[in-house]
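Reader: Could you take me closely through one part of this model, the residue you would begin with and its surroundings, and then turn to the aromatic rings?

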Amino acid sequence: MRIRVWLPCYALTVTIAFILTTTRSSFGQDCRVTTTVRFLGDHEHAALNLTADQLKAEIGGTPAKVVTFAPGVKPVMILLIDISSSMKGMWAQSVAAAKQLAGGAEDRVAAVVFREQIMDHASGRAQTDKLLDHLAMLKTSQGGTALYDTLIEIAGRVKNRDSALIVISDGEDNASRHSSDQTVDLFLKSGWPPVFGVVLDYDHGHTRRGYFKKIVTGTGGLVAYPSSASKVAEAANELAAEVYAPYTVTLQPSQPISKPSKLKLEVVGAHGKPRHDIQIAHVVDITGCEPVSPSPAKAD
């Protein structure tokens, strides 16, 4: 079995989107917060055709004004594929899900293979397809699963603005130095991309979901839990639709942000009442805001 250990990689130069863009050098009322939001309607499908006047926002328990609201940019998809021994019974479905997700990404895709460390990687459609074809001929291998550390390492390498990290795993982590709480904290403080997941744990009695879901929820991502091998393809399709349907919203807080503050977003209907048929995925905390650029001084 050919597995290459990934040395420090400068080739993984994919374009990445921060889920939250912040500048922390200035605080105050004259500031903006720009973040990415995803909406799920019936049957957890992406909810589209929403407008700014349907969105209600609070930051730190106080109202925030919706300044701009528009469909976002289709992100680059970075696949993180777990090849540890716990994936043995789901390996074929894991590779199939990765191929399915990569298939709709055009050239905006990359892949990383990991267990207790990163084992291999590819960037761009041609190299990613080649790697996935190779993985289809392999078997899982002995070793722990450092899911959280892998997320941190990959997220820390991305530099540009448009991305989503997609984990294909059973959600287990038994080899990371960081906890799930520490992972969420680093993602929020660093403005790293959202984490999504296709969690294949139907052979494990769903015992491994909680800690990984905390990372997904905290960073503004979504997770799919296919109930059986036959449901994996459908789950991957639904997740891809959600990944590729972001909205970008810019908010103006009503008071200064001097510490991490909870973000609350709602979609409202008639008479301003919340619509319970739409779920919203967004970051849990706002850590700072972008100051408004001063208007140019008028000439005398």
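Author: At 1% relative accessibility, Thr-145 counts as buried, a word that here means under 20% relative accessible area, with over 50% called exposed and anything in between partly exposed (1.4 Å probe, protein chains only). This is a predicted model, in which local features need pLDDT of at least 70 and side-chain atom pairs count only at pLDDT 80 or more, while totals for chains, interfaces and linings use all residues. Residues are numbered from 1 along each chain as its sequence is written, and side-chain values use heavy atoms, with hydrogens and water left out.

Thr-145 is found in the loop between α2 (125–135) and α3 (147–157), where helices (H or I, at least four residues) and strands (E, at least two) are DSSP runs numbered from the N terminus. The side chains of Thr-145 and Ser-84 are joined by a polar contact of 2.8 Å, that is, a pair of N or O atoms within 3.5 Å, of which, within protein, one must be able to donate a hydrogen and the other to accept it, and residues adjacent in sequence count only if both atoms are side-chain atoms. Leaving aside residues up to four places away in sequence, Thr-145 touches residues including Asp-82, Phe-114, Arg-115 and Glu-172, contact meaning heavy atoms within 4.5 Å.

As for the rings, the structure holds four aromatic pairs, counted when centres of Phe, Tyr or Trp rings (for Trp, its six-membered ring) lie within 6.5 Å, with planes under 30 degrees apart stacked, over 60 edge-to-face and the rest tilted. Phe-39 and Phe-69 form an edge-to-face pair, 6.0 Å centre to centre with 85° between the planes.
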